[in-house]
Amino acid sequence: MNDLLKELYQEIILDHGKEPRNFGECETHNKSAHGHNPLCGDKVSLTLFVDDDDIIKDIKFSGEGCAISVASASLMTEKLKGKKLSYAENMFKDFTDLVKGSEDSLSTIDEDDSLYALKGVKDFPMRVKCATLAWHTFKNALKE
Amino acid sequence: MNKDKTLHKDIRKDFPILSKKILKTKDLVYFDTAASAQKPQVVIDELNQFYKSHYSNVSRGVHTLSVESTLRYEDARKKVQSFINAKSENEIIFTKSATESINLVAQTFYDKYMSAGDEIILSLMEHHSNLIPWYFLRDKYGVVIKFANITESGEIDVNHFESLITPKTKIAALTHLSNVYGSKIDEKISSICKRNNVAILLDGCQSAAHLKIDVQKLECDFFVFSGHKTYGPSGIGVLYGKENLLNEMPPYQGGGGMIGEVTTDKVSYAELPAKYEAGTPPIAEAHGLGIAIDYMNNIGIENIINHEEELTKYAYEKINELDFVEIYGVGDNRNSIISFNIENIHSHEVSSFLDVEGIAVRAGHHCCQPLMKHLGVNSTSRLSFGVYNTTDEVDIFINALIKCKEFFIK
């Protein structure tokens, strides 16, 4: 099997793509956003509950899309739960850098991180949008 | 298949891009002609030659280069006229794309013949380019849009279409060949429109390079197609319109080239076809399209059709043998396009997997979101053929599809 594909579709990606974590809607939420990639039709809806100390207490997503976009959303929710918003925003930047192939100055994601599994996307430029859809939706939810 | 294989060995040499290796090792299998066709060497060379030796603006100057450019530009118009069997070259308008052609018709047809409350019929399987220009009319002027249903087999439901017609129906705009199903429109629809005094626009983007086009036999009022899907350059589209309609409708854009006389108070417009060609047109692109038409004519449209029919049939049967693949639409009315999904694998995964094998297929909604909704899917994969494809390539594709399924579903 081709190495690029192995890199792209690591076990963890296929697993989260098939059985996404934190799928659904938060029971109570104070931030939300819908994301849509008009080029391919992938959709994601995100709900969050952020407390007074800016900590993400709960985060869930729903939607439909390819394995990359679903897995990315699933991994994102796992990572962001419990994080402070300022830290989460740094993760946004690091993650988008990572999938675009610039991994030199990451401060919040390291090689042992589950998010690192999406690094293979960099060799499939047309799939970067799949991987970043959930993250951009997260960013939009914060703008509310 | 032997006949076709000989035909196509030579033809493949005409397309330099086909010798490209994907990821340095895999032979390119280009199954995305419905999105855009590859270009034969002769078109590439002629574009080069045109810019090197003949280029200038058209229909303006009297110098040698202006004459040489204008002759080639107008010669391309004659080639298009004969290619689709229009009565007059005045009926051939060059635009920047088929999309622009449809926008032109929507705006100017409305201006002349429609008002609020009048009705337009589209189908559920139209490309966004044949939806949104009409949505503009609905949003701006309050015209009513009705949608004809699609049958199980992927064709416009003729009875339903006919039942939508009322005295307020002014125009129907429909795909001549579906970019998702590959199904051809039922010719009865034109006669129904004619009988009810409804104008009809056919979107020929997918048919122009894959069927014999005769706008008089089709009995359509408007026919649009693009250069880039017919082995020509991007940046050029064609609008065919019946001469009396094009004469009656107002101009689309204002600018140089479309005028008769201009004073500070008023303007008169140029005769057809210049009336609809404001601004410097796609000059070299028109010439390139003319060369692409010559190229298809040299192979023979019938030969192209026969080859693609055999190829489509071959691929359909092969894919149909795979129990994990669902094909959209059924029946024999299928030309050069097959849309499918592998159970439980998103089309993006399929397309990325195939890409690594050197195979280019389209994944996504194909600019047909209403149809995707109708099918109850988020997206599909689509293979589409051109004159250069072979059954060997289909075999490579089938093997890759099996590997793809094994990769994702263990």
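**Close-up 1. His366(B), in the loop between strand E16 and helix H13 of chain B.** This is a predicted model, and we start in the loop that runs between E16 (362–364) and H13 of chain B. Look for His366(B) there: its phi is positive, at about 60°, although the residue is not a glycine. Is His366(B) buried or exposed? His366(B) has 25 other C-beta atoms within 10 Å. The cut-off for being buried is 20 or more, so His366(B) counts as buried.

**Close-up 2. Lys24(B), another residue with a positive phi.** Here the phi is about 70°, and again the residue is not a glycine. Lys24(B) sits in the loop between strands E1 (21–22) and E2 (26–27) of chain B. How many other C-beta atoms lie within 10 Å of Lys24(B)? There are 5, and a residue with 12 or fewer counts as exposed, so that is the label Lys24(B) gets.

**Close-up 3. A cis peptide bond in chain B.** Zoom in on the bond that joins Leu272(B) to Pro273(B), where omega is about -5°. Pro273(B) belongs to the loop that lies between strand E12 (267–269) and helix H10 (283–299) of chain B.

**Close-up 4. Strand E10 of chain B, a mostly covered strand.** E10(B) spans residues 237–241, and five of its five residues are buried. Side chains in a regular strand alternate between the two faces of the sheet. In E10(B), Gly237(B), Leu239(B) and Gly241(B) point one way, while Val238(B) and Tyr240(B) point the other way. Which strands pair with E10(B)? One of them is E4 (residues 92–95) of chain B, which pairs with E10(B) in the antiparallel sense over four bridges. The other is E9 (residues 222–226) of chain B, also antiparallel to E10(B), with five bridges between them.

**Close-up 5. Two helices of chain B packed together, H4 and H5.** H4 (residues 98–113) and H5 (residues 132–141) of chain B pack at an angle of about 30°, and their axes are 8 Å apart. The crossing of these two helices is right-handed. From the H4(B) side, the residues that meet the partner helix are Ile102(B), Asn103(B), Ala106(B) and Tyr110(B). From H5(B) come Pro133(B), Trp134(B), Phe136(B), Leu137(B) and Tyr141(B). Sorted by class, this contact has eight nonpolar residues, one polar residue and no charged ones.

**Close-up 6. The three-stranded open sheet of chain A.** The strands come in the order E1-E2-E3, and their pairing is antiparallel. Helix H5 (residues 128–142) of chain A lies across E1, E2 and E3, running at about 140° to E1(A).

**Close-up 7. Helix H2 of chain A and its buried residues.** Which residues of H2 (residues 11–18) of chain A are buried? They are Ile13(A), His16(A) and Gly17(A). Seen down the axis of H2(A), the buried residues fall within an arc of 105°, so they line one face of the helix. H3 of chain A is included in what covers them.

**Close-up 8. Where chain B meets chain A.** In this view, 13 residues of chain B are in contact with 16 residues of chain A. On the chain B side, the elements that give two or more residues are H12 (347–356) and H13 (369–375). H12(B) gives the most, with five residues. By class, the chain B side divides into four nonpolar, eight polar and one charged.

Key. Residues numbered from 1 in each chain as written. Chains lettered and ligands numbered in written order. Predicted model: local features only at pLDDT ≥ 70, side-chain atom pairs only at ≥ 80, totals over all residues. Pairing = 2+ DSSP bridges. Contact = placed C-beta atoms within 7 Å. Axes fitted to C-alpha atoms, helices over the stretch in contact; angles between N-to-C directions. Nonpolar A, V, L, I, M, F, W, Y, C, P; charged D, E, K, R; others polar. Arc of directions from axis to C-beta. Left-handed = near helix turned anticlockwise from the far one by under 90°.
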